Amino acid sequence: MTQAGTSTWAPERQPHSPASDTEEPAPHAGAPVLNNPVLNNAVPVRHPGRWISAVVILGLVALMLQSMVTNPNFRWEIVGTYILDVKVVQGMGWTLLLTVASMAIAVVLAILLAVMRQSDNPIFRWSSWLWVWFFRGTPVYTQLVFWGLLAVLYPKISAGVPFGPELFDLSTSSIITPIAAAILGLALNESAYLAEIFRAGLKSVDKGQTEAAEALGMSDAKIMWRIILPQAMRIIVPPTGNETIGMLKTTSLVLAVPFTLDLTFATNALANRTYQPIPLLIVAAIWYLVITSLLMVGQHYLEAYYGKGVDSGQAAVAVNPAAARAAAAVAAPQQSPGTDLPKEEAK
Amino acid sequence: MTMIAEKPLVRIEGLHKYYGQHHVLRGIDLTVKQGEVSVVIGPSGSGKSTMLRCINLLETISAGRISVDGQLIGYREVNGRLHDLKKKEIAAQRREIGMVFQRFNLFPHKTALQNVMEAPTQVKRKGEDFARTQALELLDRVGLAQRANHYPAQLSGGQQQRVAIARALAMEPGLMLFDEPTSALDPELVGDVLNVMKDLAKSGMTMIVVTHEIGFAREVGDTLTFMDGGVVVESGDPREIIANPQHDRTKEFLSRVL
């Protein structure tokens, strides 16, 4: 195993220090080295089609911008008046709250549902399947109306033994307020979709990962939480980001509950009052775009976090050779320096 | 080779394995003594990997018994009847058995160091500092101290497999199972992994090695077992079997791989 190139400084290789530099090509003493090669300064292929399409598209964009500026029906001054209106900004806040709260609940439920779906326990598998079947199979609008009407169906909620004595009861409308109904309705519906995304993510992780962790004696919960889920997140984050942006706009359906403070309802109300629907639609669209852009930034960082070690594959971790050598020396003080260490010098 | 005790560490008796109707293992008997290096060879589909995976219950045992260090694997015997062990109890048995896979199966989202530290910190609940020192020692032992902060994707196959060996050793197992550890490696990387295994054998570790490396079997093995069609065809001193196989199937197999 020992190569001629290394034997000059490590004449006697320790039996317990396997050669590891054999994977890197050793310089050939006899090979001629070209120090000044003539670079192939080739003429690149021309792409006239790109220039033509650029001109066409830029022209169309210019036309659109021109009409937006010159067409008085856009009423940009009204957009300006209402973009920071208290009702609009509050509506944006409620919309954001609905999105974040319902997605948070949905993610927790989805992890649970996806894990239950792969469980050895058939009851868990079936209940998870049934949940997804039901909440994915009925319109979110219907579900929102239903949660809004829960107080009609069950005027009070009580806890007790089935067919036995009651322990306490509460009026439903005091618990299921419009905001609670809206969040619940959105979250339960979304959890069914996310459960399938999470299931796909968990399935995408190689079975060997579970086996390796099992062979180390890890518990099922630890294997899921520390080994499988972090790897699955790489697959789960992009479609979940998609769902979050979808949810941002689905919140406009909470009118069905009825919950009447969100961005769409607020801008609609202003539009009806001022008889100016177009500028207020633009106001709503601008705010939705702003939030979407912020969510996309967040998604970018999440993807980078869960992609570490895989997506950043060759961006080699800068190992400070001196520090690593010191660490190794601490770890193996019985070894004479120089027998093992320099071979693994960072490339 | 000098440290082998008479005491058997692993005892496999009448092991059968079915996948549905498919009868993969047809009554395997194998004993591995403390400190012994037991090499298992055989053609693909002979059941050698399945047998290995039964020892730490990555496969269920259809019939027969396996005991490690006197402890029955996977079951508890009460009044002559076998009862399945709970997952927790199975995990406890697996902690005593290290395993190295053909495809390495390192955790790709963790660095080499984190891979080696994972089980000591999470399973044995050792402190971070202790686990880090131990992990660096082990990485140094497999010649990879300088690669501690690399992710698996930044390591060659041979380096990954050596990290995988260090990861298994971090649990301080009494038995190491190797499932074709060099079969997925480029030929020039095989030697480094075999050297690490050789050193491990010299240190007195009990090892069961499923491999196609006949040279390793001859040089390091204490016993050689040839399997074919789910049965043990021949078993004994590696040098004798390789030089002078008794069965036609062994002869045929060896003539093809040598």
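The side chains of A:R136 and A:E196 meet in a salt bridge with an N to O distance of 3.9 Å, a salt bridge being a side-chain nitrogen of Lys or Arg within 4 Å of a carboxyl oxygen of Asp or Glu. Because A:R136 lies in helix α5 (residues 122-137) of chain A and A:E196 in helix α9 of chain A, the pair ties together parts that are 60 residues apart in sequence. Helices here are DSSP runs of H or I with at least four residues, strands are runs of E with at least two, and both are numbered from the N terminus.

This is a predicted model, in which local features need pLDDT of at least 70 and side-chain atom pairs count only at pLDDT 80 or more, while totals for chains, interfaces and linings use all residues. Residues are numbered from 1 along each chain as its sequence is written, chains are lettered from A and ligands numbered from 1 in the order in which they are written, and side-chain values use heavy atoms, with hydrogens and water left out. The predictor gives the complex an ipTM of 0.93 and a pTM of 0.81. Chain B averages a pLDDT of 94, with 98% of its residues scoring at least 70; pLDDT is the predictor's confidence in each residue, from 0 to 100.

**Salt bridges**

| Pair | N to O distance |
|---|---|
| A:R136 and A:E196 | 3.9 Å |
| A:E196 and A:R117 | 3.6 Å |
| B:E252 and B:R256 | 2.4 Å |

A:R117, A:R136, A:E196 and A:R199 are linked in a network of salt bridges. With a relative accessible area of 42%, A:R136 is partly exposed, and A:R117 is partly exposed at 23%; buried means under 20% relative accessible area, exposed over 50%, and partly exposed in between, using a 1.4 Å probe and protein chains only. In chain B, B:E252 and B:R256 both lie in helix α9 (residues 248-257), four residues apart, about one turn of the helix.

Helix α13 (residues 277-306) of chain A has 30 residues and reaches 43 Å from its first C-alpha to its last, close to the 44 Å expected at 1.5 Å a residue, the expected span being 1.5 Å times one less than the number of residues. Its buried residues include A:W287, A:Y288 and A:Q299, and what covers the buried residues of α13(A) includes α4 (86-117) and α11 (220-250) of chain A. The unreviewed UniProt entry annotates residues 277-298 of chain A, among other spans, as "transmembrane region". The end C-alpha atoms of residues 277-298 of chain A lie 32 Å apart, and the span is 100% helix and 0% strand.

**Contacts and backbone**

A:Q209 lies in helix α10 (residues 207-215) of chain A and counts as buried at 5% relative accessibility. Leaving aside neighbours within four places in sequence, A:Q209 is in contact (heavy atoms within 4.5 Å) with residues including A:I227, B:N105 and B:F107.

Most residues other than glycine have a negative phi, and most peptide bonds are trans. B:F104, however, has a positive phi of about 65° although it is not a glycine; B:F104 lies in the loop between β8 (97-100) and α3 (112-122) of chain B and is buried, with a relative accessible area of 7%. The peptide bond from A:V257 to A:P258 is cis, with omega near 5°, and A:P258 is found in the loop between α11 and α12 of chain A.

Note on methods: UniProt positions renumbered as here; feature names shortened; annotations may be inferred.
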